[in-house]
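Colleague: I would like to learn how to read the side-chain features of a model with care. Could we go through them one at a time, with the general idea before each case?

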Amino acid sequence: MRLQHLLRARSAAVSAWALGIVITLVAGAPAAAQTDSQGVRVAVQDRSLGFGDHVVVRGRVAGASAGIPVTLQFRPARETEWRSAKTVQTREGGRYRVGARMWRSGRVRVQAGGASSRAAAPVAPALSAARPVRVRARVATTHVRRHVTAGRRVRVAGALRPGGRGRVVALQLRRGGRWRTVDRDRTAGNGRYRLRERMTAARSLPARVRFRGDRLNAPAVRRLGRVNGYRSAHASWYGPGLYGNHVACGGRLYPGTVGVAHKWLPCGTRLTFRYHGRVVRARVIDRGPFVAGREFDLTAALKSRLGFPDVGVVQVSQ
């Protein structure tokens, strides 16, 4: 049995050398060409693809005419069988171009030769060397609850593609300049996942869902924007009669200035305000208000964007 395998390998090597197959996998940044022991030259430009991206193979069958079949083959990770992805015919001079969409990581190779209706004579099949291709998964979201009252939970639901049971996804929030994992879930058979985190205080943080990667797919990330925990604060507004004047944090106040006045928060502090479903980010630009019971003074532009009345209660993430 071992002798038969050796004879088959030797026969394949001889056929590949005779055809002189040259292939290029095209998808991104260039990399150095490589030559294997079978005399098949392979130049790989990028072996990292997004979910559903095409891997494109260009090359030439040396000494061949038009009409030689060339098949792109793919073997998914954790599998042993090669699958035919697409077959094309060589053009004049033996050149060809063939591509196929990829959803999982694995290895690709090219088979050239075999029976052909266009070729003058059949050519014995020959295989190129196999090269790895890494394909990122896709993290999809079907529901994101990102605005909550402090003390309640933000929630994220979605699906990882391709699906599969037990694949780990994580909800991460960015704090202190680092992404920190606050919840994890293992996917169901259809790739579904659910993640959540309690916003224990009023705050606004960047959030994302991250798949850490496995043998089937490379790591992937889905950014969610910011998640916000709010508290209530009394506010008013100011502006008319003060336009053109200097503000405490530097610069001047104009009708289009989007900002807020606060008595002690550091200048430049970014806050998220929410009023009746409208959400606006604004910086502390001035000091005030100087009326008892009010915590914030909104500029006219911020008041307009929120649809805020003259005096009322606004939700703030600080």
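Predicted model: local features only at pLDDT ≥ 70, side-chain atom pairs only at ≥ 80, totals over all residues.

Modeller: What follows is a walk through confidence, aromatic pairs, charges over rings, salt bridges and a disulfide.

Colleague: Let us turn to the aromatic rings, then. How many aromatic pairs are there, and why is the pair of F273 and F296 given the name it has?

Modeller: A pair of aromatic rings is described by the distance of the centres and the angle of the planes. Here the count comes to two aromatic pairs. The ring centres of F273 and F296 are 5.4 Å apart and the planes stand at 90°, so this pair is edge-to-face, given that planes over 60 degrees apart count as such. This pair links distant parts of the chain, as F273 belongs to strand β21 (residues 270-275) and F296 to strand β23 (residues 296-299), 23 residues apart. F273 is buried, with a relative accessible area of 0%, and F296 is buried with a relative accessible area of 0% as well.

Colleague: What are the distance and the angle for the rings of Y275 and F308, and where do these two residues lie?

Modeller: The rings of Y275 and F308 have centres 5.2 Å apart and planes at 75°, so they too form an edge-to-face pair. Because Y275 lies in strand β21 while F308 lies in the loop between α2 (300-306) and β24 (312-316), the pair ties together parts that are 33 residues apart in sequence. Both residues are buried, Y275 with a relative accessible area of 15% and F308 with one of 3%.

Colleague: K303 carries a charge, which brings me to salt bridges. How many does the structure hold, and which residue meets K303 in one?

Modeller: The structure holds four salt bridges, and one of them joins the side chains of D310 and K303 at 3.8 Å, N to O. In contrast to the buried K303, D310 is partly exposed at 47% relative accessibility. Another salt bridge is that of R83 and E79, whose side chains meet at 2.7 Å, N to O; R83 is partly exposed at 44% relative accessibility, and E79 is partly exposed at 34%.

Colleague: Where in the chain are D214 and R167, and is each of them buried or partly exposed?

Modeller: The side chains of D214 and R167 meet in a salt bridge at 2.9 Å, N to O. D214 is in the loop between β18 (203-211) and β19, and R167 in the loop between β14 (153-161) and β15 (168-175), so that the pair links distant parts of the chain, 47 residues apart. D214 counts as partly exposed at 23% relative accessibility, whereas R167 counts as buried at 5%.

Colleague: Finally, which residues form the disulfide, and where are they in the chain?

Modeller: A disulfide is a covalent bond between the sulfur atoms of two cysteines. The count here comes to one disulfide, formed by C249 and C267 with their sulfur atoms 2.0 Å apart. The link of C249 and C267 is left-handed, with -70° about the S-S bond. C249 is in the loop between β19 (220-238) and β20 (259-261), and C267 in the loop between β20 and β21, 18 residues apart. Both are partly exposed, C249 with a relative accessible area of 27% and C267 at 40% relative accessibility.

Terms used:
Residues numbered from 1 in each chain as written. Heavy atoms only, no water. Phe/Tyr/Trp six-rings, centres within 6.5 Å; stacked < 30°, edge-to-face > 60°. Helix = DSSP H or I, 4+ residues; strand = E, 2+ residues; numbered from the N terminus. Buried < 20%, exposed > 50% of the residue type's maximum accessible area, 1.4 Å probe, protein only. Disulfide = S-S within 2.5 Å.
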